[in-house]
Amino acid sequence: MADRLKQVVNHIFSSNMSSADPFEKKVNLGVGAYRDDNDKPWVLPVVRKAEQILLNTPSLDHEYLPITGLPEFTTAAAKLILGSDSNAIMEGRVTTVQTISGTGANHLGALFLERFYPWVGKKEIYLSDPTWANHQAIFKNVGITPINYPYYDPKTIGLDFNGFLNALKNAPNKSIFLIHACAHNPTGVDPSKEQWNAIADMMLEKGHYGFFDCAYQGFASGNLDNDAWAVREFVKRGVNMLVCQSFAKNAGLYGERVGALHVLSSSKEAADRVKSQLSVLQRSEISNPPTYGARIVNLILNDAELFEEWKRDIATMAGRIIDMRQQLYKVLTDELKTPGNWDHIVNQIGMFSFTGITPQQSQALVEKAHIYMTANGRISMTGLNGKNLRYFAGCLDKAVRGEL
Ligand code: IK2
């Protein structure tokens, strides 16, 4: 608990300290949002276009949306994550509710399970160690106790695959596991396809329930379909599950709070019951979801030209992150010959990288080099750019050598 709290506080502090610091070369690697090569927030060109279309549509009013959200948006959002050829969608087995971004999807999913999951023993959920710090609070808030499962191995700076698999094996049947669909936050470490398959085998064998959190579709590989691979595979294989979806990162709509919760059922009749249960919960919490972000995403998902443009925008963001990974790796290994192995910088995926440095080294970077990051050594790759990469690499090199 104390550690988690420290993580959250540290995160808030690192952002605040960074903005208050007048040092010219300061670098903010704590931020969880995309920044362009000039270290500025980026409004996706496709979003600008969609906003113009909305502005020029006088027929749009400000009436309430249905409780479960904008229907065209929820239909298209389900296809985006589950695939337009998804049997589950065609068979009417998917219930989708528009939520307050990914956080709202996590909350509504947690609340739904707390009320309606056929619990065998205690109300518990298995969370990867580490995970997005807010997961702990979200589940505790609805009376579900978080338990950690091994995920990250500090020795390899990679996946503790055996630890993960053993946790699945040893957990009581029908346990709930929260799984990051792609671009794991905070480690940037994802299972390989082979490992995903073994995880699915074990989930099926044990009758576990998958609580998939997908906050970064498109951000991992730059391709929306590739990043949905694990989710689609698990659905195809019949794992009982739900999926939380966020458009904060991949559409750059952080503040618009647009997302969705998709619950998979075994039949259309069951899915209809889930819809009325979710509607009752949603009604008591937010009455109806907000319109603006959903309208933007709806336009993008339902217009072939805008959709193609969005894919290019996503590739631009993911490409810049991948480029920063490669440049950082090259400077550390080829130029500075920084002690240690830095392969993980290029092997990790998505917005974040676990550098593997010690809390003392990360503290030195904050205090002596004005480089802000979380104490666990997580850096946001989007905080790096053509202007600050060398400064960061040089300071990291010195910190690792104990010379900072
Ligand atoms: N789930 C995960 C795994 C997330 O990483 C996030 C967003 N986290 O923000 C970045 C950070 O750690 O600094 C969410 C869900 C929720 O995202 P949102 O509610 O913005 O859609």
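Trainee: In what order do the seven strands of the open sheet come?

Mentor: Bear in mind that this is a predicted model, where local features need pLDDT of at least 70, side-chain atom pairs count only at pLDDT 80 or more, and totals for chains, interfaces and linings use all residues. Residues are numbered from 1 along each chain as its sequence is written, and side-chain values use heavy atoms, with hydrogens and water left out. Strands (E, at least two residues) and helices (H or I, at least four) are DSSP runs numbered from the N terminus, and two strands pair if DSSP finds at least two bridges between them. The pairing in this open sheet is mixed, and the order is S2-S10-S9-S8-S7-S3-S4.

Trainee: Which strands stand at the edges?

Mentor: Look for strands with a single partner strand, so that one side of each is left without a neighbour in the sheet. Those are S2 (94-100) and S4 (145-150).

Trainee: And what does the twist average from one strand to the next?

Mentor: Angles here run from 0 to 180 degrees between N-to-C directions, with axes as lines fitted to C-alpha atoms (for helices, over the stretch in contact). From one strand to the next, the twist averages 25°.

Trainee: What angle does helix H5 make with S2?

Mentor: H5 (residues 101-116) packs on the sheet, where contact means heavy atoms within 4.5 Å. H5 touches S2, S7, S8, S9 (240-246) and S10 (258-264). Its direction makes an angle with that of S2 of about 125°.

Trainee: Are H13 and H16 parallel or oblique to each other?

Mentor: H13 (residues 304-335) and H16 (residues 389-401) have axes 10 Å apart and pack at an angle of about 45°. Under 35 degrees counts as roughly parallel, over 145 as roughly antiparallel, 65 to 115 as roughly perpendicular, and the rest as oblique. H13 and H16 are therefore oblique.

Trainee: How many nonpolar residues are in the contact of H13 with H16?

Mentor: On the H13 side you'll find Met324, Gln327, Leu328, Val331, Leu332 and Glu335, meeting Leu389, Arg390, Phe392, Ala393 and Leu396 in H16. Nonpolar means Ala, Val, Leu, Ile, Met, Phe, Trp, Tyr, Cys and Pro; Asp, Glu, Lys and Arg are charged, and the others, Gly among them, polar. The contact has two charged residues and one polar, while the nonpolar ones number eight.

Trainee: How does H3 stand relative to H10?

Mentor: The axes of H3 (residues 71-82) and H10 (residues 229-236) come within 8 Å and cross at roughly 95°. That makes H3, relative to H10, roughly perpendicular.

Trainee: How far apart are the C-alpha centres of domain 1 and domain 2?

Mentor: Bounds come from an automatic or database domain assignment, which gives domain 1 (2-42 + 320-401) and domain 2 (64-302). In contact are 19 residues of domain 1 with 21 residues of domain 2. The C-alpha centres lie apart by 28 Å.
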